[in-house]
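Hi,

Here is the structure we talked about. Please open it and keep it beside you while you read my notes.

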Amino acid sequence: MLARFFLDNAGMAEQRAYDVVVCGGGLVGLAMALALARTQLDVALLDPQRLPTLPTLPAAAREHADFDARVSALTPASRVLLDELGLWSRLEALRVSPYTDMQVWDADGTGAIHFSAAELHEPCLGYIVENGLVAGVMAEALRGTQVAVMQDSLTSFTPVAGRQQLTLASGTQITCRLLIGADGSASPVRTLAGIETREWDTGHRALVATVRTARPHQDTAWQRFLQTGPLAFLPLHQPGAEQQHHSSIVWSCVPALADELLALDDAAFRRRLELAFESRLGTIEQVSARHSFPLWQKHAGDYVRHGLALIGDAAHTIHPLAGQGVNLGLADVKSLAGVLGRAAARGEDVASEQVLSRYQRERKAANLSMLLLMEAFKRTFGSDDLHVRWLRNLGLKAADGLRPVKQALMKGAMGL
């Protein structure tokens, strides 16, 4: 094992060598560092921000619950990975929102489909988790490992004598055998490596907020396909509450509509939201601050090169209408950590393209298939062509009545 060092907040450091440097301290980067901490590899995590801390949750249910505006819908497959990393029980003790059903319907017609975990004899379809809580739990666990954490950013890297020499914004230089880019859709690692991407603007912005509804959400994820984009209500669980009335909304819509919705006062926005959602859960009683961000789809031409690998949004960015983004990133983590762990145990060079290509073969086709599927969904449900509208409504009704088809769709979405 190579000697480790920790770069403290004062920025004092000396050039040291690692087996792996993970660039990016988001959910995927943190999970990658935790997964590699269980191998014999010497690992460092690099991010310009401090490790996140766990937010303080109320001791009891409150009328105005403070939920993180950014949430993720984790599949059972992602839960298994978090459990393997020793995180799930801690997260579950804080706040996790399992959902058992999903209702999907088309605004332009009568097509609808209902998914239920009971049909698969599973306890739930998935889990809505707050990104801030997940990041806090991951950081808490990382502090108990030997992973070196560096609060700094990457400015350049150069191959030197079979290793990557990294220059950081502070002027520090370190080396590693393998650099992993987990640094988001605008990935500096990918850019510095000169890896090209295929990307396109979806024409949508995502508007997110937390709402309280008059009727409980019934542990159900709701999604209505509007011509301007899909609107989702994702159930949130408030420990100690007798009934669950809070949901996280993700409203993907054209930019002009997003700007219009952001400009409304809370009362006017609640009325617009009720109308768009057909008041399925009654009156919208409360709404939190609203946030909006552009939606792009992006896919890297290569995930790996000698001494380099991309994971998560650095490799692929996807429309959130099926909630698969973070799940694809966690699947990347599971795959790459497995490939590297097995290679290290066999004495192989973990930085070799031969080893890294095993990860690319496992993940590239699956990620690209999901990206293309989401683009097809977006175009199909965003079309105002009468024939397309008729076909999509017919398709929803037909799928809802064909149990084997529904079960196959559910298993695919759940990662089973």
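Helix H2 (residues 76–84) packs against H8 at an angle of about 45°, and their axes are 10 Å apart. Axes are lines fitted to C-alpha atoms, for helices over the stretch in contact, with angles from 0 to 180 degrees between N-to-C directions. H2 is therefore oblique to H8 (under 35 degrees is roughly parallel, over 145 roughly antiparallel, 65 to 115 roughly perpendicular, and the rest oblique).

Which residues make the contact? Ser-78, Leu-81 and Glu-84 come from H2, and Asn-327, Leu-330, Val-333 and Lys-334 from H8. Contact means heavy atoms within 4.5 Å.

This is a predicted model, where local features need pLDDT of at least 70, side-chain atom pairs count only at pLDDT 80 or more, and totals for chains, interfaces and linings use all residues. Residues are numbered from 1 along each chain as its sequence is written, and side-chain values use heavy atoms, without hydrogens and water.

Now H8 itself, residues 325–345. Its 21 residues should span 30 Å at 1.5 Å a residue, and the end C-alpha atoms are 31 Å apart, which agrees. The expected span is 1.5 Å times one less than the number of residues. In H8, 15 of the 21 residues are buried (under 20% relative accessible area, 1.4 Å probe, protein chains only). Just after H8, Gly-347 has a positive phi of about 80°.

H7 covers residues 266–277. Its 12 residues should span 16 Å, and its end C-alpha atoms are 16 Å apart, which agrees. Buried residues in H7 include Phe-269, Leu-273 and Phe-277. Glu-278 follows H7, with a positive phi near 60°.

Helices here are DSSP runs (H or I, at least four residues), numbered from the N terminus.

Best wishes

Terms used: Helices (H or I, at least four residues) and strands (E, at least two) are DSSP runs, numbered from the N terminus. Buried means under 20% relative accessible area, exposed over 50%, partly exposed in between (1.4 Å probe, protein chains only).
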